[in-house]
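Dear colleague,

Here is the structure I said I would pass on. My notes on it follow below.

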Amino acid sequence: MKKVITYGTYDLLHVGHINLLERAKALGDYLVVVLSTDEFNAVKHKTAYHSYEDRKKILESIRYVDEVLPETCWEQKVADVTNNNIDVFVMGDDWKGEFDFLKDYCEVVYLPRTDGISTTKIKQDLHQ
């Protein structure tokens with residue numbers, strides 16, 4: 001079985017998230033999504049609209065997602081990959097090059113984002 005992993009906050013779920021999850025799942029047989037906890041978001045100076053538990057429940061209901069794990073710090077990625085026998089690490093291409101250090105442990109793939117949609121854009125549009 002080929003296992004894929006990706007990371008994110010997944011707040012205000014939108015079609016860009018679904019596209020990324022669908023394409024990530026297509027790279028293997030089993031998709032693990034590592035979801036930023038509320039505490040880790042605070043460290044990153046981010047605030048999610050939905051709580052970690054609600055975001056986790058939403059992700060678990062998506063057919064492309066097989067497992068959701070908590071992200072509590074930047075440094076956990078190598079352990080996540082090795083402890084979960086991951087074959088492919090996937091992130092959006094706006095992170096291109098940032099996770100190349102994982103190539104020692106698995107394949108690293110940067111997928112294009114969906115044009116014109118992002119959680120940041122949605123939040124900005126709602127404030128107008």
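**Aromatic pairs, sheet and helices**

Both Tyr7 and Phe89 are buried, where buried means under 20% relative accessible area, exposed over 50%, and partly exposed in between (1.4 Å probe, protein chains only). This is a predicted model, in which local features need pLDDT of at least 70 and side-chain atom pairs count only at pLDDT 80 or more, while totals for chains, interfaces and linings use all residues. Residues are numbered from 1 along each chain as its sequence is written, and side-chain values use heavy atoms, with hydrogens and water left out.

Aromatic pairs

The structure holds six aromatic pairs. Rings of Phe, Tyr and Trp (for Trp, its six-membered ring) pair if their centres lie within 6.5 Å; planes under 30 degrees apart count as stacked, over 60 as edge-to-face and the rest as tilted. The pair of Tyr7 and Phe89 is tilted, because the ring centres are 5.7 Å apart and the planes stand at 40°. This pair links distant parts of the chain, with Tyr7 in strand E1 (residues 3-8) and Phe89 in strand E4 (residues 88-92), 82 residues apart. Helices (H or I, at least four residues) and strands (E, at least two) are DSSP runs, numbered from the N terminus.

Phe40 and Trp74 form an edge-to-face pair, since their ring centres are 5.3 Å apart and their planes are at 75°. Here too distant parts of the chain are linked: Phe40 is in helix H2 (residues 38-43) and Trp74 in the loop between strand E3 (67-71) and helix H4 (77-83), 34 residues apart. Phe40 is buried, with a relative accessible area of 2%, whereas Trp74 has 40% relative accessibility and so counts as partly exposed.

Ring pairs link Tyr7, Phe40, Trp74, Phe89, Trp95, Phe99 and Phe101 into a cluster. Two lysines sit over rings that belong to it. The charged end of Lys44 is over the ring of Trp74, 5.6 Å from its centre, and that of Lys77 is over the ring of Tyr7, 4.5 Å from its centre. A charge sits over a ring if NZ of Lys or CZ of Arg is within 6 Å of the ring centre and within 35 degrees of the ring normal.

The sheet

Five strands form an open sheet in the order E3-E2-E1-E4-E5, with parallel pairing; two strands pair if DSSP finds at least two bridges between them. E3 and strand E5 (107-111) are the edge strands, each pairing on one side only. E1 and E2 run parallel and are joined by six bridges, with Lys3 opposite Tyr30 in E2. Five bridges join E4 to E5, also parallel, and Val90 has Val109 in E5 as its bridge partner.

Six of the six residues of E1 are buried. Lys3, Ile5 and Tyr7 lie on one side of E1, and Val4, Thr6 and Gly8 on the other.

Helices on the sheet

H1 lies across E1, strand E2 (30-36), E4 and E5, running at about 140° to E2. Helix H3 (residues 52-60) packs on the sheet and touches E2 and E3, its direction making about 165° with that of E2. Contact means heavy atoms within 4.5 Å; axes are lines fitted to C-alpha atoms, for helices over the stretch in contact, and angles run from 0 to 180 degrees between N-to-C directions.

Regards
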